[in-house]
Amino acid sequence: MKDQFNRTIEYLRLSITDRCNLRCRYCMPEEGVVEVTHGTILSYEELLAVAAVAARLGVRQIRVTGGEPLVRRGVIDFIRQLAQLPERPEVTMTTNGLRLAEEVEALCAAGLQRVNVSLDTLRPERFMQITRRDGLEQVLAGIRAATVAGLPVKINMVPIASVNDDEIHDFARLAEHHPWDIRFIEYMPFGPELDFPPELRVPADVIIARLRELGPLEPLHKDSAIVGPAHHYRLPGWRGRLGVIPAVSNHFCAACNRLRITADGRIKPCLFEGGEYTLKPALRPQIDPLAIEKLLLGAACAKPERHRINEDDYLPPTRGMHGIGG
Ligand code: SAM
Ligand code: SF4
């Protein structure tokens, strides 16, 4: 699947719930999400039908996200069904890690191939401040359990000035002795739930400058079969890699290779823009693969060349990140 700018669309982010067991201040309101009626969220059968069409159209990686994907009942069977699609897409997950330790064996057996764990601090009291919940030890246990199970782990950290940016070195150093990719993601200041003002974003070049203080950063060529927007580096002798994702500042959109599906059945061509395509008419009252295909191709065609968050007349999407899937 190609878009108008000749980018190959081969990565699908599938949000399976907008609910979560944390309340990160840059993502989710304190009161959580409004209870929705059962039919608002797509069923696993519907999500699988969308994934199956996407895989036929050339999607090679399907990332299950949320809200928190491990809070939705039945997620293990769903992962198994995704992994068994005829095209055998790579199935990955982004999780806050709270329930990872208890689920990791079943996830591996079901066919999960990689996991990204979001973690913004290594300090218990700060974890509570950022996520409004307790749980750092559980997340760390989840990361360790995934590593023991042989699941490749990336840790995603969002540095925010005067909140946790003094931990950039501590996070980076995790890659010295552990085989983890540590990725620093620029804070994306949009969405109705924002608790940190936009000026607290730590730009990618500042993050990279901090990483250089640790030693000679070697830029790595994009060595993954599925390239994406992260810039990767290694420090000599370190086991894991460092990554920086300049989501807001620059060099991001040219490598965009993805579509997003929200839990309530909308295709989002661009994370930063409000435009959405409604899948439900292609799924209800019965699943229509041809109609799904048309919508996916239409959404791929509608991908903008680049986001406009840095422009004066920018209009942010009305959904928060928990409703999009990151
Ligand atoms: N609950 C899961 C988790 O936290 O990994 C999956 C969903 S979460 C919305 C996906 C990713 O979006 C997380 O890595 C989170 O840190 C990131 N995220 C959420 N809000 C963000 C924001 N305003 N700016 C940058 N990243 C954000
Ligand atoms: Fe939940 Fe993930 Fe959002 Fe935090 S970032 S509130 S863990 S969905």
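A polar contact is a pair of N or O atoms within 3.5 Å; within protein, one must be able to donate a hydrogen and the other to accept it, and residues adjacent in sequence count only if both atoms are side-chain atoms. The model is predicted: local features need pLDDT of at least 70, side-chain atom pairs count only at pLDDT 80 or more, and totals for chains, interfaces and linings use all residues. Residues are numbered from 1 along each chain as its sequence is written, ligands are numbered from 1 in the order in which they are written, and side-chain values use heavy atoms, without hydrogens and water.

Ligand 1 is surrounded by 17 residues, counted if a heavy atom lies within 4 Å. The closest are Tyr26, Gly67, Thr94, Ser118 and Met188. An oxygen atom of ligand 1 lies 2.5 Å from an N or O atom in the side chain of Ser118. A polar backbone atom of Thr95 is 3.2 Å from an oxygen atom of the ligand, and one of Met188 is 2.8 Å from a nitrogen atom of ligand 1.

Around ligand 2 stand Cys20, Leu22, Cys24, Cys27, Met28, Gly67 and Asn96. This shell holds 5 nonpolar residues, 2 polar and no charged; Ala, Val, Leu, Ile, Met, Phe, Trp, Tyr, Cys and Pro count as nonpolar, Asp, Glu, Lys and Arg as charged, and the others, Gly among them, as polar.

Elsewhere, Tyr44, Leu47, Leu48 and Ala51 of helix α1 meet Val75, Phe78, Gln81 and Leu82 of helix α2, where contact means heavy atoms within 4.5 Å and helices are DSSP runs (H or I, at least four residues) numbered from the N terminus. The residues of this contact comprise 7 nonpolar, 1 polar and no charged.

Note on methods. Helices (H or I, at least four residues) and strands (E, at least two) are DSSP runs, numbered from the N terminus.
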